[in-house]
Amino acid sequence: MDRAQKEAVVAELGEIFESSGVVVVAHYAGLTVADMETLRAQMREAGGHVRVAKNRLAKIALDGKPCASIADLLTGMTVLTYSEDPVAAAKVAQAFSKENDKFEILGGAMGENVLDVAGVKAVAAMPSREELISSIAGCIGAPASNIAGAIGAPASNIAGILSTIEDKAA
């Protein structure tokens with residue numbers, strides 16, 4: 001890899017570290033190509049990405065970034081999983097590590113916050129962005145539904161009473 005290619009990789013990694021909602025660092029020694037492809041497919045499905053990069057170049061890219069303190073995690077055969085959604089990459093990485101013992105989560109970063117292994121597990125347990133939006137929409141819609149039911153109930157009751165009176169008169 002020549003100098004221009006290294007500079008391009010550092011620029012790309014710098015963009016990843018700045019724009020990602022979460023970055024998870026893991027060891028992947030011993031994973032097969034098929035295992036890595038499975039991880040990439042799962043991550044792509046969740047809206048995330050997987051990147052293997054030289055630790056030295058990643059450390060250079062981390063310089064001056066909000067998550068610069070994860071540089072200590074970059075030792076050995078490391079892989080970066082990241083996503084714009086602050087939960088997606090952590091969820092997929094956590095699930096994949098349960099399925100595959102050779103994928104060992106070291107930690108990560110969520111903005112300026114450094115996450116240890118327990119922190120990544122905690123982030124993975126959080127609801128995703130879509131789940132939060134749907135629950136908020138449900139909470140907002142519930143009072144309106146209750147009001148509509150309360151307004152319609154007296155008319156329904158009156159109609160039921162009139163129907164009963166009519167049946168008794170007939």
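Which residue in S3 is the bridge partner of Val-50? The bridge partner of Val-50 in S3 is Thr-81.

The model is predicted: local features need pLDDT of at least 70, side-chain atom pairs count only at pLDDT 80 or more, and totals for chains, interfaces and linings use all residues. Residues are numbered from 1 along each chain as its sequence is written, and side-chain values use heavy atoms, with hydrogens and water left out.

**View 1. Strand S3 and its two partners.** Helices (H or I, at least four residues) and strands (E, at least two) are DSSP runs, numbered from the N terminus. Two strands pair if DSSP finds at least two bridges between them. Strand S1 (residues 22-27) runs antiparallel to S3, joined by six bridges; Val-24 stands opposite Thr-81. Strand S2 (residues 48-51) is also antiparallel to S3, with four bridges.

**View 2. The two faces of S3.** Buried means under 20% relative accessible area (1.4 Å probe, protein chains only). In a regular strand the side chains alternate between the two faces of the sheet. Thr-78, Leu-80 and Tyr-82 lie on one side of S3 and Val-79, Thr-81 and Ser-83 on the other, all buried.

**View 3. The buried face of helix H3.** In H3 (residues 55-62), Asn-55, Leu-57, Ala-58, Ala-61 and Leu-62 are buried. They fall within an arc of 160° seen down the helix axis (taken from the directions to the C-beta atoms), so they line one face of H3. Their cover includes helix H1 (3-19) and strand S3 (78-83), contact meaning heavy atoms within 4.5 Å. Gly-64, which follows H3, has a positive phi near 85°.

**View 4. The aromatic pair.** The structure holds one aromatic pair (ring centres within 6.5 Å). Phe-96 and Phe-103 form this pair, edge-to-face (planes over 60 degrees apart), at 5.1 Å centre to centre and 85° between the planes. Both are buried.

Technical notes:
Rings of Phe, Tyr and Trp (its six-membered ring) pair if their centres lie within 6.5 Å; planes under 30 degrees apart count as stacked, over 60 as edge-to-face and the rest as tilted. Buried means under 20% relative accessible area, exposed over 50%, partly exposed in between (1.4 Å probe, protein chains only).
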